[in-house]
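Please look at the sequence and the predicted model below before reading on. The notes that follow are grouped by topic.

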Amino acid sequence: MIDVTVDAKIDVIALDADDTLWHSESRFQETQARLSEILDRHAPHAQVQDHLHELEVRNIKLFGFGIKGFTLSMIEAAIEISKGEITADEIHEIVMMGKAMLEMPMELLNGVPETLAELAQNFPLFLITKGDHMDQYNKIEKSGLADHFKEIEVVMNKDVASYGELLTRHGVDPAKAMMVGNSIPSDILPILELGGHGVYIPYHVTASFERHESEPDNPRYHRLSNIAALPALLKETNGGT
Ligand SMILES: [Mg+2]
């Protein structure tokens with residue numbers, strides 16, 4: 001007889017990195033706030049933020065996600081908003097702001113190392129993050145968490161096709177995978193569509209690209225306030241074992 005409860009059990013846990021394991025978006029927002037101050041005499045802060053966001057969206061196809069592309073978009077925004085009046089010193093400051101972001105010390109979110117250590121005893125853990133390869137690998141290295149992961153994947157996009165390809169390549173049945181992250185569009189919706197479980201752990205600020213209107217209505221959707229609650233959720237999902 002086929003035991004469907006056993007079939008439905010989670011056997012792989014995949015985790016997002018930025019704003020799920022460590023702080024990231026708050027740093028982007030602090031830097032954007034500083035850009036608005038630099039451009040104070042040219043435009044109101046809200047206009048600077050809107051224009052920067054438009055440029056980032058337009059540039060993503062060329063630069064991908066990450067700090068280097070963000071820095072170039074800040075320079076482009078500064079030149080356009082100031083109608084070419086931005087000074088070389090101010091552009092230099094923007095470049096230094098980008099470099100400072102790349103060099104910032106790693107700050108893990110509460111409960112992350114203990115929870116990963118606990119989960120890694122029972123499950124293969126995958127790290128699935130999107131962004132600039134060099135920046136992402138530097139952060140993984142600095143985090144000291146790499147040893148907990150069986151697989152580390154830096155992808156261009158987090159959509160149904162990329163998750164499907166990645167899971168298939170590693171021989172993982174999506175129905176038995178649980179993806180954990182802070183973005184509904186990037187971490188949750190694709191895995192739900194593939195038949196797996198999605199665990200949303202909100203971060204206190206959300207990148208403009210990752211905003212969503214509502215939470216999914218799906219029995220395989222879960223929401224936690226902290227990663228430390230993940231082992232208990234897995235016990236519950238896998239039938240208390
Ligand atoms: Mg994230």
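In β3, V155 is the bridge partner of K130, and strand β2 (residues 125-130) pairs with β3 in the parallel sense over 5 bridges; two strands count as paired if DSSP finds at least two bridges between them. Strands (E, at least two residues) and helices (H or I, at least four) are DSSP runs, numbered from the N terminus. This is a predicted model, in which local features need pLDDT of at least 70 and side-chain atom pairs count only at pLDDT 80 or more, while totals for chains, interfaces and linings use all residues. Residues are numbered from 1 along each chain as its sequence is written, and side-chain values use heavy atoms, with hydrogens and water left out.

**The sheet and its helices**

- β2 and β3 belong to an open sheet of 6 strands with parallel pairing, in the order β3-β2-β1-β4-β5-β6.
- The edge strands, each pairing on one side only, are β3 (151-155) and β6 (221-223), and the twist from one strand to the next averages 20°.
- Helix α9 (residues 184-193) packs on the sheet, where it touches β2, β4 (177-181), β5 (197-200) and β6, and its direction makes about 160° with that of β5; contact means heavy atoms within 4.5 Å.
- Helix α10 (residues 230-237) lies across β1 (12-15), β4, β5 and β6 and runs at about 155° to β4, with angles from 0 to 180 degrees taken between N-to-C directions and axes fitted as lines to C-alpha atoms, for helices over the stretch in contact.

**The magnesium site**

- The magnesium ion is coordinated at 2.1 to 2.2 Å by D16 (OD), D18 (O) and N182 (OD1); donors are N, O and S atoms within 2.8 Å of the metal (3.2 Å for Na, K and Ca), and water is not among the atoms, so sites may look incomplete.
- D16, in the loop between β1 and α2 (25-38), and N182, in the loop between β4 and α9, are 166 residues apart, and the pair links distant parts of the chain.
- D16 counts as buried at 5% relative accessibility, and N182 is buried with a relative accessible area of 11%, where buried means under 20%, exposed over 50% and partly exposed in between (1.4 Å probe, protein chains only).

**The pair α2 and α5**

- R27, F28, T31, R34, L35 and I38 in α2 meet E90, E93, I94, M97 and M101 in α5.
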